[in-house]
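Please read it with the sequence and the model open side by side.

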Amino acid sequence: FKIVFLMKGDSVTLHTGVETNKQDRIRWYFNDTRIAQISGDLSKSCTDVQCNEGTERFRDRLKLDHQTGSLTIMNITNTDSGDYKLQINRMMYEVSALLVCVSDVSAAERDKMKRKSVNKGEPVTLDPVLKNPNGLKTWYFNDTIIAEITGDQSKICTDVQYKERFRDRLKLDHQTGSLTIMNITNTDSGDYKLLINSSRFNIIKTFSVTVTGGPFLVKMTVCLQLFQIQLLSLLLLLLLLLLLLLLLLFCDLHKIQNGKYCIQMI
């Protein structure tokens, strides 16, 4: 019996956990409904609506690995919570008895967690909010490995063990799996991905980071905006004075019908 906690939008791969061969017939079930099948005859392989006409529950979000028999569910939703079972030939296995999506996070809060906008020079933390933190955790930046956490803390490594992309600016929390990027630069903008790998399932969590101008540029932008406001106010004042001057000239050059001059306005 295995419980996997996920957030809406994540991807998860369920492994068979047993040895298989190409001749085995592998069937995946969701709440006792067949959703995927692999067999030696590729013409009999199917996913979702192909297995059960009219269901289309997952709408092209399922992916089968014909080599291992594992099942990947992409862009997961709350309605995907339930019992997932695996049948190999005539043997039924419970791979993940309950797959639970985190449902108490609003769309706005979820977007805030997954999409980060940060000023140059500031730190940013990517928190996967893991409720089942066991397993190998690997962080990627634009599909390049930048950090890794294993059960053995002595094997935790960041960046320098790979391509030294961030040069000692990464900090890992081995308990939560979160990744902090310090003194961030514009070249750090991009897509970050966390792969959580265990013997029974894989989970993929994605983040997007956008780096904007640093504090100096922010202050310059504010000053420029204030200058523009002051300049606009000055132009409006000059325009008003010009209108008053034209009105005075008009009154001086034209007499009103009773023979008196216009009262001059100062």
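1. Overall contacts. Among contacts in the protein (heavy atoms within 4.5 Å) between residues at least 6 apart in sequence, 56% join residues at least 24 apart. The model is a predicted one, in which local features need pLDDT of at least 70 and side-chain atom pairs count only at pLDDT 80 or more, while totals for chains, interfaces and linings use all residues. Residues are numbered from 1 along each chain as its sequence is written, and side-chain values use heavy atoms, with hydrogens and water left out.

2. Composition and surface. The protein has two helices and 18 strands; these are DSSP runs numbered from the N terminus, with helices (H or I) of at least four residues and strands (E) of at least two. Of its 266 residues, 35% count as buried, where buried means under 20% relative accessible area, exposed over 50%, and partly exposed in between (1.4 Å probe, protein chains only). The accessible surface of the protein comes to about 16,600 Å², and 55% of that belongs to carbon and sulfur atoms. Such areas come from the Shrake-Rupley method with a 1.4 Å probe, and for residues only the protein chains shown count as cover.

3. The salt bridges of D10. A search of the whole structure finds five salt bridges, each defined as a side-chain nitrogen of Lys or Arg within 4 Å of a carboxyl oxygen of Asp or Glu. In one of them, the side chains of D10 and K114 meet at 3.1 Å, N to O. This pair links distant parts of the chain, with D10 in the loop between β1 (3-7) and β2 (11-14) and K114 in helix α1 (residues 107-114), 104 residues apart. K205 also forms a salt bridge with D10, the closest N and O atoms being 2.6 Å apart. Here the partners are 195 residues apart, K205 lying in strand β18 (residues 201-212).

4. Are D10 and K114 buried or exposed? Both are buried. D10 counts as buried because its relative accessibility is 1%, and K205 because its relative accessibility is 3%.

5. A further charged pair. R61 forms a salt bridge with D80, and their closest N and O atoms are 2.9 Å apart. R61 lies in the loop between β5 (46-47) and β6 (62-64), and D80 in the loop between β7 (71-73) and β8 (82-88), 19 residues apart. Both R61 and D80 are buried. Salt bridges that share partners join D10, K114 and K205 into one network.

6. Aromatic pairs. The structure holds six aromatic pairs. Rings of Phe, Tyr and Trp (its six-membered ring) pair if their centres lie within 6.5 Å; planes under 30 degrees apart count as stacked, over 60 as edge-to-face and the rest as tilted. The rings of F30 and Y84 have their centres 4.7 Å apart and their planes at 45°, so this pair is tilted. F30 is in strand β3 (residues 26-30) and Y84 in strand β8, 54 residues apart. F30 counts as buried at 3% relative accessibility, and Y84 counts as buried at 0%. F166 and Y192 form another tilted pair, with ring centres 6.4 Å apart and planes at 45°. F166 lies in the loop between β14 (157-158) and β15 (170-172) and Y192 in strand β17 (residues 190-197), so the pair ties together parts that are 26 residues apart in sequence. Both F166 and Y192 are buried. Ring pairs also link F30, F58 and Y84 into a cluster.

7. Charges over rings. The charged end of K114 sits over the ring of F207, 5.9 Å from its centre. Likewise, the charged end of K193 sits over the ring of Y140, 5.2 Å from its centre. The criterion is NZ of Lys or CZ of Arg within 6 Å of the ring centre and within 35 degrees of the ring normal.

8. Positive phi values. Most residues other than glycine have a negative phi. N31 has a positive phi, near 50°, and D32 has a positive phi, near 70°. N31 lies in the loop between β3 and β4 (33-38), and D32 is found in the loop between β3 and β4. N31 counts as partly exposed at 38% relative accessibility, whereas D32 counts as exposed at 62%.

9. Record annotation. An unreviewed UniProt entry lists residues 231-251 as "transmembrane region". UniProt positions follow the numbering used here, feature names are shortened, and annotations may be inferred rather than shown by experiment. In the model, residues 231-251 are 100% helix and 0% strand, and the end C-alpha atoms are 31 Å apart.
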